[in-house]
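Please find my notes on the model below. They are meant to be read with the structure open.

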Amino acid sequence: MLSFGNTNVGSSLIAINLLTTYEQHLRNAASVLQDKLVKLDAGEPVLMPGSGPKPYVLQRKGNVYSCTCSIWRSIDEIEQRRTCKHLRQLRGEKAETGRVGEDGIRKSDEKLKELLEADMRIRQMHAAQGNHSGSMLGRRPMESSSQDSAGSKRQCIP
Ligand SMILES: [Zn+2]
């Protein structure tokens with residue numbers, strides 16, 4: 001009985017510790033972001049983590065803020081008016097809207113949606129291929145066991 005009570009006290013202490021660690025983590029994350037923003041504005045390349053194995057590289061050249069993600073690269077707009085979720089995350093929605101305008105933000109949103117939908121279709125196709133023959137769509141079946149193939153596929157989705 002006594003040990004049961006102690007366990008409860010112990011786990012709530014752990015919960016408090018976890019919460020404190022989480023708050024600490026948030027504060028650290030905010031200062032890391034601030035650091036990155038300073039570097040970006042100074043023209044230094046800045047790495048931002050994406051869903052793929054490799055981080056994206058953000059860089060400012062004059063009044064062009066670029067990113068290596070597929071959203072930024074495939075937006076149908078001049079470079080000065082392109083943005084992506086990484087630049088918006090780093091610089092903030094307000095700053096990015098001020099820079100690229102509502103149109104630029106809308107195009108970035110549309111491109112993200114487009115890429116997510118394309119990704120969904122690929123996943124559905126793979127799911128279908130899992131149930132039937134891989135040659136159904138005239139495509140080579142993916143090597144599902146290969147880490148590399150999963151990694152390069154994921155690069156499409158920032
Ligand atoms: Zn990006």
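Predicted model: local features only at pLDDT ≥ 70, side-chain atom pairs only at ≥ 80, totals over all residues.

The points below go from the whole chain to the sheet, the core and a few single residues.

1. The mean pLDDT of the protein chain is 83, and 77% of its residues reach 70 or more.

2. Overall make-up. The protein chain contains five helices and three strands. Read from the N terminus, the order of elements is α-β-β-β-α-α-α-α. Of its 158 residues, 16% count as buried. Among contacts with a separation of 6 or more, 44% are accounted for by residues 24 or more positions apart.

3. The three strands form an open sheet in the order 1-2-3, with antiparallel pairing. Strand 1 and strand 3 are at the edges with a single partner strand each, so one side of each has no neighbour in the sheet. From one strand to the next, the twist averages 25 degrees.

4. Strand 2 and strand 3 pair in the antiparallel sense over four bridges.

5. Faces of strand 3. Which residues of strand 3 are on the covered face, and which on the uncovered one? Tyr65 and Cys67 make up the covered face, while Val64 and Ser66 make up the uncovered face.

6. The core. The largest nonpolar core has 13 residues. Leu58, Cys67, Cys69, Trp72, Cys84 and Leu87 are the members with the most contacts inside it. At least two residues each come from strand 1 (46–48), strand 2 (56–61), strand 3 (64–67), helix 2 (70–74) and helix 3 (85–91).

7. Leu58. What does Leu58 touch, leaving out residues up to four places away in sequence? The list is Leu40, Val46, Met48, Tyr65, Ser66, Cys67, His86, Leu87 and Leu90.

8. Arg91. This residue lies in helix 3. Is Arg91 buried or exposed? Arg91 counts as buried because it has 22 C-beta neighbours inside 10 Å, and the cut-off for that class is 20 or more. Not counting residues up to four places away in sequence, Arg91 touches Leu37 and Glu96. Asp41 is 50 residues from Arg91 along the chain, and the C-alpha atoms of the two are separated by 9.6 Å.

9. Asp109. This residue has its place in helix 4 (residues 93–131). With 14 other C-beta atoms within 10 Å, Asp109 is partly exposed. The C-alpha atoms of Asp109 and Cys84 are separated by 7.9 Å, with the two residues 25 apart along the chain.

Note on methods. Residues numbered from 1 in each chain as written. Core = buried A, V, L, I, M, F, W, Y, C linked by C-beta atoms within 7 Å. Buried ≥ 20, exposed ≤ 12 C-beta atoms within 10 Å, placed from the backbone. Contact = placed C-beta atoms within 7 Å. Pairing = 2+ DSSP bridges. Axes fitted to C-alpha atoms, helices over the stretch in contact; angles between N-to-C directions. pLDDT = per-residue confidence, 0-100.
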